[in-house]
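Grab a pencil and keep the viewer open.

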Amino acid sequence: MEDFRTDEADEAISSTELTVSELVMPDQLFILPTIERPFFPAQVSPVIIEEKPWLRTVRMILKQSDKLAGLLQVKTKNLGHTRSPRIDDFYDFGCVIKVHNPIKSEGSIQFIAEGIRRFHVQKWLSEKIPYKVLADYPNEVSPKKEERIRAYSMAIMNTIKDLVKLNPLYTEELKFFLERFTPSDPSSLTDFAVSLTSANQRELQDVLESLHIQRRMEKTLVLLKKELDVAKLQVEIRGQVDETISTQQRKFFLREQLKVIQRELGIAKDDRSADLDLFRSRLEGLKLSAEAAQRVDQEMNKLSMLELGSPEYAVTRNYLDWVTQLPWGHQVRDKLGLQRARRILNEDHYGLDDVKDRITEFLAVAALKGEVQGAILLLVGPPGVGKTSLGRSVARVLGRPFYRFSVGGMRDEAEIKGHRRTYIGAMPGKMAEALKHTGVDNPVIMLDEIDKMGASYQGDPASALLEVLDPEQNVEFLDHYLDLRLDLSHVLFICTANQTDTIPQALLDRMEEIRLSGYILEEKLNIAKQYLLPRQLKMAGLKSSQFTVTDAAMRQLIDGYAREAGVRGLEKQIKKLIRKCAVEVVRGKQKRLGINGRNLHKYLGVPIFDKESSIEGVGVVTGLAWTSMGGAILPIEARRLFSDKPGYKITGNVGEVMQESAEIALSFANAFMGVKDDFFQTACIHIHVPEGAVPKDGPSAGITLATALLSLAYGKKVPSRLAMTGELTLTGQVFPVGGIREKIVAARRAHIRKILMPAKNKNDFEELPAYLREGLTVHFVSNYQQVHDIVFD
């Protein structure tokens, strides 16, 4: 704190000093701002301004012998917090003040302002701080009828007396005014009276600019009447509050007396009192619903009357323990910046640009609304592609707490909706547990493995989730244990699944599906270098200089040991290599270990996967399949058997739909050959789909089966490095299929560059990233004749 007054400056303001004398008003005035409300001539009050822009102005004012300045109201209240006011930000009418006792403290200047008289800005002499203006001093207009002025003065004085009775704080200000002015001065009385009100800035400025005494008194009297009405209302409210507090204090004293009596009689229940105090302290600041508040009061009264040793006491205490730990009305503010969101997603995940774009679009919509509400996302993809970690990243983007639980194998609907309080050991459901654990009403809750829920005699969890995952219903989600309505509408639900076939359609309709496909070799290589390898080195306590893997070795590792759609297998193999390195370092044999293409098999052994390639030969065609583990190539073999009985058989652990596809393909091929060729009428054909231990099903192998049969009939080989997918009808139409991205990834992994697919899947293919489409020759076919022309001609 710095007192920068000059020696001549006033040390204090006494009543005699504040008497308005006949001062000579200067033609030019330095300008200071007032932010909250205008200043009036009859007013004496502290003024606080910012130090940085106005210090120089204050010093120049203090150098003047009269220490006079102009105080002008700034039009916008919050302007002073953003920038310094410009000349067009001020009103033209203000008050000449005398500056007393200026003190500089903590970035601001405080002084006592003594109002002298009104002034009007005739011209601005400077456009930058310190502001200086050419001022004129308009004369006040007094009416001829003094009786009206006297009547208005009496009305104002009576209103001020009424205000003083209701609010004693006005007494000191009135006393201060009477020491400086006489009530017979209508102008000073009016300015003093209006300064007592809490009117808004525009109303006060209007009074300041009123030069006609009677009109000014009329406006002031209206504002005083409003202030009097507000003061009366405050007194009434204060009385009601005091009455309520008195009742509460009476109950408090009675409870304290009861505790003393119980303590004297030896029946005090300290544990019960401690429990009740704990629950009451938890409820402070929570916004319970009316239903919840009533239930809590009932349970608290019940708890205060129960014996500590009774089973009902434990049940009631456990119930209150749960209810008071729920975050009633407590939420965290969402962070919806799109650039920040993209940066975080890129930090946590490589690739997945289409998924990141979808999440960014979701956040953009939420930013327009101002909140994320009623959203249920479903991430579908093979294991290990980053569904769970993507959910964590979304929570990190929004700045919300994250809670995850798996519903895979769940068979009891009470896990979702809670057990009823009919027996000892009942518990709330997972939704209430998630809110309690996160401590907010709007967390990110992940329901993992939602496609693997079961059902039993105890109920169907999938049906229970219909209420949870419906934005129209979950605003009043009923937990059976709490028997209270919980608002889940602010929760962001993220579900994960490997496939959607096992999810009930009614549940699937409530979720917005986002698909995550498997990674190709180049993507896995970058993920391993940027994420997996540094993380595993840190976990093992090794430095990056102690363990290196060449790109060639990493490619071999991915292709030979970790070919699945996700990266979990890849991370396991990297962990295995690092463990080998740790053994070498601890034994002292080597200080660092370098892995390359020549010594990779030494540490990992024989590759798990052979080089994936298509099988070639007459009657052999490569198809493309989708599985819950990602995409895969599906070679189909057809051979003619030496048998007198015509017909066919199919092997390879195929499902019913694929068996029907084989029958359709055989019938179509027979009709396609025509009546002149009786090959299929006389031949016994065996169709086999390799890797018999792996279940296979679906209609997408239709054109592949037909092509294998025709290749067998013609005795022609199908061109190498060619694969196809598509459903075939008896009339030769080719229908669209699903899993295009996964199938393209599988084809690239097997170095297949020529692909046939249904024409109606063209949009699906064109939506793929450019790096997946690059280098592929894709033929879009709508009937089998086009397939035949491409393959055999």
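**Exercise 1. Count the cavities of 30 Å³ or more, then describe the lining of the largest cavity.**

Step 1. The count comes to 3 cavities of 30 Å³ or more. Here a cavity is a set of points on a 1 Å grid, over the protein atoms alone, where a 1.4 Å probe fits but cannot get out. This is a predicted model, where local features need pLDDT of at least 70 and side-chain atom pairs count only at pLDDT 80 or more, while totals for chains, interfaces and linings use all residues. Residues are numbered from 1 along each chain as its sequence is written, and side-chain values use heavy atoms, with hydrogens and water left out.

Step 2. The largest cavity holds about 70 Å³ of space, a volume being the space filled by probe spheres set on the points.

Step 3. Lining residues have an atom within 4 Å of a point. Strand 16 (residues 620-627) gives the most, with 3 residues; strands are DSSP E runs of at least two residues, helices are H or I runs of at least four, and both are numbered from the N terminus.

Step 4. Sort the lining by class and you get 6 nonpolar, 4 polar and 2 charged residues. Asp, Glu, Lys and Arg count as charged, Ala, Val, Leu, Ile, Met, Phe, Trp, Tyr, Cys and Pro as nonpolar, and the others, Gly among them, as polar.

**Exercise 2. Work out how Phe-668 and Phe-672 pair up, and which parts the pair of Phe-668 and Tyr-784 ties together.**

Step 1. There are 11 aromatic pairs by the ring rule: rings of Phe, Tyr and Trp (its six-membered ring) with centres within 6.5 Å, called stacked under 30 degrees between planes, edge-to-face over 60 and tilted for the rest.

Step 2. Phe-668 and Phe-672 make a tilted pair, 5.6 Å centre to centre with 35° between the planes. They sit 4 residues apart in helix 22 (residues 656-673), so about one helical turn separates them.

Step 3. Check burial (buried is under 20% relative accessible area, exposed over 50%, partly exposed in between, with a 1.4 Å probe and protein chains only). Phe-668 is buried at 8%, whereas Phe-672 is partly exposed at 25%.

Step 4. Phe-668 also pairs with Tyr-784: the centres are 5.2 Å apart and the planes are at 75°, so this one is edge-to-face. Because Phe-668 lies in helix 22 and Tyr-784 in helix 28 (residues 784-792), the pair ties together parts 116 residues apart in sequence. Tyr-784 is buried too, at 1%.

**Exercise 3. Find the charges that lie over the faces of Tyr-319 and Trp-322.**

Step 1. The test wants NZ of Lys or CZ of Arg within 6 Å of the ring centre and within 35 degrees of the ring normal.

Step 2. Arg-421 lies over the face of Tyr-319, 3.9 Å from the ring centre. Over Trp-322 you'll find Lys-436, at 4.0 Å.

**Exercise 4. Which backbone oxygen does the side chain of Thr-197 reach?**

Step 1. Look in the loop between helix 5 (186-196) and helix 6 (201-208), where Thr-197 has its place. Thr-197 counts as buried, at 3% relative accessibility.

Step 2. Its side chain reaches the backbone oxygen of Val-194 at 2.8 Å.

Technical notes
1 Å grid on protein atoms, 1.4 Å probe; cavity = no way out; pocket = protein on both sides within 12 Å on 5 of 7 lines; lining within 4 Å. Polar contact = N/O pair within 3.5 Å; in protein donor to acceptor, adjacent residues only side chain to side chain.
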